[in-house]
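Subject: Structure for your files

Hello,

Here is the structure we talked about passing on. Please open it alongside this message, as the notes below follow it element by element.

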Amino acid sequence: MSELNRYQNPDVFEKLAMSYAAGTLHGRARTRFEALMEQHFYLQATVSAYESKFGNLVELLPGEKPSDRVWQGIEASILRNLPAEEAPKAEPRSWFGWLKQGYAYAALAVVIAILVIVNPLSTGRDAIAYAAVLESADNTPMAITRITQDDLTLSVDLVKDIPLEDGDVLKLWCRSKKGGKPVFMGELSKGSSTRIQINQEEWDHLKLVGSLEITSESTVKANGPHNAILKGSLTTITEK
Amino acid sequence: MEDNFAALLSQCARQDQAAFKKLYQEASPKLYSLALRLMQKPELAEDVLQEAFIKIWQKADSYNAQKGLALTWMATITRNKALDKMRSLKLKSAETEIQYEGLDFASEDLEPEHQEGLSQEMQRLRECLKQLQPSQRECILLSYYYGHTHQELSEKLNTPLGTVKAWIRRGLETLKPCLS
């Protein structure tokens with residue numbers, strides 16, 4: 001009997017499907033069965049039926065709380081893949097932390113004022129939030145940023161630790177949609193999550209910002225050579 | 001009984017992130033517990049959980065409530081992600097430092113308040129499992145929760161490989177009519 005015929009025999013394939021779903025089919029037999037399952041709907045359907053039975057076993061397990069980094073990673077991945085039109089309504093909770101210092105506020109105001117003059121863009125629909133996932137050079141999501149209108153909050157959550165030399169800090173920069181030189185916006189706090197209020201004027205100017213960047217730099221030089229370690233496009237989130 | 005997870009999944013299919021976060025908060029402890037037992041290392045289990053929930057978000061619209069409970073569907077995704085990772089890392093449970101083991105949580109003598117929280121589907125499965133001999137039940141549950149191979153079970157239970165295989169085969173044969 002050929003292998004395919006063997007798997008078309010209900011007595012054979014149902015046992016194998018049951019064994020697969022229960023987790024008792026291993027090694028090459030499991031791999032072989034998976035290959036056949038991809039080709040034959042009846043195998044998939046039988047496995048699926050048994051998986052829905054054995055899957056109930058998860059109810060007996062004691063609950064264990066995963067660390068917060070799991071949700072941060074999930075959120076980063078999902079935000080990154082959402083088209084702007086489908087991006088979520090932002091929740092009023094911890095996010096960004098630039099502009100904690102007054103000078104950073106002033107810097108943002110100046111930057112955005114310049115951008116307004118240089119490039120007065122307009123959008124069809126009003127933004128309710130902005131979001132960006134900042135990625136490392138190898139495209140690993142490292143930080144999530146959100147700016148929400150309802151509470152005028154800027155926030156940055158670091159998804160993964162970023163090793164810093166002694167005396168170095170993370171600095172946040174923005175670039176206008178037309179490009180040009182990055183503009184310093186402020187330092188991130190030492191923790192993994194920072195947050196600060198912005199004012200309405202600063203919010204209004206954000207529509208001109210195209211991307212955000214984070215650099216790791218010495219505290220001594222406020223505007224040293226620009227070497228972005230994280231970058232991400234700023235996505236506009238509108239009402240559906 | 002109303003399947004709250006199914007309602008949340010339905011909202012997730014419409015890209016409702018708030019519903020997805022609630023789903024994660026409520027379902028992740030059980031799914032992480034499953035991933036921990038399969039992977040044995042918290043960092044690997046968290047990677048599995050993350051990958052599983054990303055898939056849950058992406059595939060939420062393919063969940064069919066007629067085919068089973070939402071938690072069961074999510075458990076299958078998590079378990080398959082864990083097995084894929086074990087395979088890609090060529091990880092064997094025997095090679096890791098065992099932190100999670102045993103089947104106390106699946107004991108036949110569950111506390112009454114624990115039993116009340118079980119779905120009808122799980123209660124039916126428990127009745128089916130009770131029909132098995134203890135050794136058959138133990139092998140099947142250890143395979144499901146911990147991903148043990150026949151060889152690993154043979155070593156763990158200090159029982160000949162052929163005997164373990166026979167226990168599993170007969171156990172599944174007994175379960176089949178009950179589950180059908």
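Helices here are DSSP runs of H or I with at least four residues, strands are runs of E with at least two, and both are numbered from the N terminus. This is a predicted model, in which local features need pLDDT of at least 70 and side-chain atom pairs count only at pLDDT 80 or more, while totals for chains, interfaces and linings use all residues. Residues are numbered from 1 along each chain as its sequence is written, and chains are lettered from A and ligands numbered from 1 in the order in which they are written.

Helix H1 covers residues 4-13 of chain B, and its axis comes within 8 Å of that of H2(B), with a crossing angle of roughly 145 degrees. Axes are lines fitted to C-alpha atoms, for helices over the stretch in contact, and angles run from 0 to 180 degrees between N-to-C directions. On the H1(B) side the contact uses Phe5(B), Leu8(B), Leu9(B), Gln11(B) and Cys12(B), and on the H2(B) side Ala19(B), Phe20(B), Lys22(B), Leu23(B) and Ala27(B). Two residues are in contact if their C-beta atoms, placed from the backbone, lie within 7 Å. By class there are eight nonpolar, one polar and one charged residues in this contact. Nonpolar covers Ala, Val, Leu, Ile, Met, Phe, Trp, Tyr, Cys and Pro; charged covers Asp, Glu, Lys and Arg; the others, Gly among them, are polar.

H2(B), residues 17-39, also meets helix H4 (residues 70-88) of chain B, where the axes come within 10 Å and cross at roughly 30 degrees. That angle makes H2(B) roughly parallel to H4(B). Angles under 35 degrees count as roughly parallel, over 145 as roughly antiparallel, 65 to 115 as roughly perpendicular and the rest as oblique. The crossing of H2(B) and H4(B) is right-handed. Its contact residues include Ala27(B), Leu31(B) and Leu38(B) from H2(B), and Leu71(B), Met74(B) and Arg79(B) from H4(B). They divide into eleven nonpolar, one polar and three charged.

**Loops in chain B**

Most residues other than glycine have a negative phi. Two residues in the loops on either side of H2(B) are worth a look. Gln15(B), in the loop between H1 and H2 of chain B, has a positive phi near 65 degrees. Gln15(B) is partly exposed, with 19 other C-beta atoms within 10 Å. A residue is buried with 20 or more other C-beta atoms within 10 Å of its own, exposed with 12 or fewer, and partly exposed in between, the C-beta atoms being placed from the backbone. Gln40(B) is in the loop between H2 and helix H3 (42-59) of chain B, and its phi is also positive, at about 70 degrees. Gln40(B) counts as buried, with 21 C-beta neighbours inside 10 Å.

His148(B) sits in the loop between helix H7 (134-146) and helix H8 (150-156) of chain B. His148(B) is buried, with 26 other C-beta atoms within 10 Å.

**Chain A**

Chain A has seven helices and nine strands, and 42% of its 240 residues count as buried.

Strand E2 (residues 141-148) of chain A has eight of its eight residues buried, so it is largely enclosed by the rest of the structure. Strand E1 (residues 127-135) of chain A pairs with E2(A) in the antiparallel sense over seven bridges; strands pair if DSSP finds at least two bridges between them. Glu135(A) stands opposite Pro141(A) in this pairing. The hairpin has five residues between the strands, and Asn139(A) there takes a positive phi near 65 degrees. E2(A) also pairs with strand E3 (residues 153-158) of chain A, antiparallel over six bridges, with Thr145(A) opposite Val156(A). In that hairpin, with four residues between the strands, Leu152(A) has a positive phi near 45 degrees.

**Between the chains**

35 residues of chain A are in contact with 43 residues of chain B. H5(A) gives the largest share of chain A's side, seven residues. That side has 14 nonpolar, twelve polar and nine charged residues.

Regards

Note on methods:
A crossing is left-handed if the near helix is turned anticlockwise from the far one by less than a right angle, and right-handed if clockwise.
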